[in-house]
Amino acid sequence: MIAGILLAAGAATRFGGGKLIQILSDDTPVCVASVRNLKAALPHVIAVTRPGDMAVYALLQQENDLQVLTCPRAEEGMGHTLAEGVAASRDAAGWIVALGDMPLIQPATIKRVADAIAQGAWFAIPRHQGKRGHPIGIHRYFRDQLLLLTGDKGARDLIAAHPDKIEFIDVDDPGILLDIDTRADLDQVRNL
């Protein structure tokens, strides 16, 4: 089983807070759209939130077939959040790590990344028009290293240490590049 982990524990400081509860043009909150795409592609999905963010937690709790966790050390960075999700699914054959602020990734793209990991790739990264995007697939071979992650880099250093083990998956999905960091980003995503 490949597990999906939605990282939804950031403070959204560049946005001014509250970006994951912003409403998209179809009246769906950003974090809900992101997790629904993940759930459409994978049978087991975990969303990791930060303490005190009751709005995001409540929205995600309303979703069916979703395990929602709160990472006590989320304020220390994405590494802690990812480690929390991996710990909750430590028996998985691999993980698809998605970001809560990327609501336009197509489920078919997520499925292709998951299939690459299921077929033995160490890392699987989608690429659109030559640009790397998200979500990132990671094989269970790296479970122990993932459980020890700290700080705000997530698995970036782990992936960078093994460039020859990355399987790139070319997709016709611009959503893999569109994250919402600012209000201008939100306007762009709403207009697509």
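Helices (H or I, at least four residues) and strands (E, at least two) are DSSP runs, numbered from the N terminus.

## Basis of the model

The model is predicted, and local features need pLDDT of at least 70, side-chain atom pairs count only at pLDDT 80 or more, and totals for chains, interfaces and linings use all residues. Residues are numbered from 1 along each chain as its sequence is written, and side-chain values use heavy atoms, with hydrogens and water left out.

## H128 at strand β5

H128 belongs to strand β5, which covers residues 123-128. With a relative accessible area of 7%, H128 is buried; the classes are buried under 20%, exposed over 50% and partly exposed in between, for a 1.4 Å probe and protein chains only.

Two polar contacts involve the H128 side chain (pairs of N or O atoms within 3.5 Å; within protein, one must be able to donate a hydrogen and the other to accept it, and residues adjacent in sequence count only if both atoms are side-chain atoms). A polar atom of this side chain lies 3.1 Å from the backbone oxygen of V171, and the side chain reaches the backbone nitrogen of D173 at 3.4 Å. Leaving out residues up to four places away in sequence, H128 touches V171, D172, D173, P174, I176 and L177, where contact means heavy atoms within 4.5 Å.

## Pocket and cavity

Rolling a probe the size of a water molecule over the atoms shows where empty space is left. On a 1 Å grid over the protein atoms alone, a cavity is a set of points where a 1.4 Å probe fits but cannot get out, whereas a pocket is an open set with protein on both sides within 12 Å along at least five of seven lines; lining residues have an atom within 4 Å of a point. Grid points are joined across faces, edges and corners, and a volume is the space filled by probe spheres set on the points.

The largest pocket holds about 1100 Å³ and is lined by 39 residues, with L7, M78, L99, D152 and R156 nearest its centre. At least two lining residues come from each of β1 (2-8), α3 (78-87), β4 (94-99), β7 (136-139) and α6 (156-160). The lining has 19 nonpolar, eight polar and twelve charged residues, counting Ala, Val, Leu, Ile, Met, Phe, Trp, Tyr, Cys and Pro as nonpolar, Asp, Glu, Lys and Arg as charged, and the others, Gly among them, as polar.

There is one cavity of 30 Å³ or more. The largest cavity has a volume of about 50 Å³, and its lining includes L6, S34, N37, A98, L99 and P135. Helix α1 (30-41) and strand β4 each give two or more residues to this lining, and α1 has the largest share, three residues. By class, the cavity lining has eight nonpolar, two polar and no charged residues.

## Cysteines

The model has zero disulfides, a disulfide being a pair of cysteine sulfur atoms within 2.5 Å. For C31, the nearest cysteine sulfur is that of C71, 17 Å away. C31 is buried at 0% relative accessible area, and C71 is buried at 2%.

## Backbone geometry

Most residues other than glycine have a negative phi, and most peptide bonds are trans. H134 and P135 are joined by a cis peptide bond with omega of about 5 degrees; P135 lies in the loop between β6 (131-132) and β7.

D65, in the loop between α2 (54-61) and β3 (67-70), has a positive phi near 55 degrees and is exposed at 68%. Q129 lies in the loop between β5 and β6. Its phi is also positive, about 50 degrees, and Q129 counts as exposed at 72% relative accessibility.
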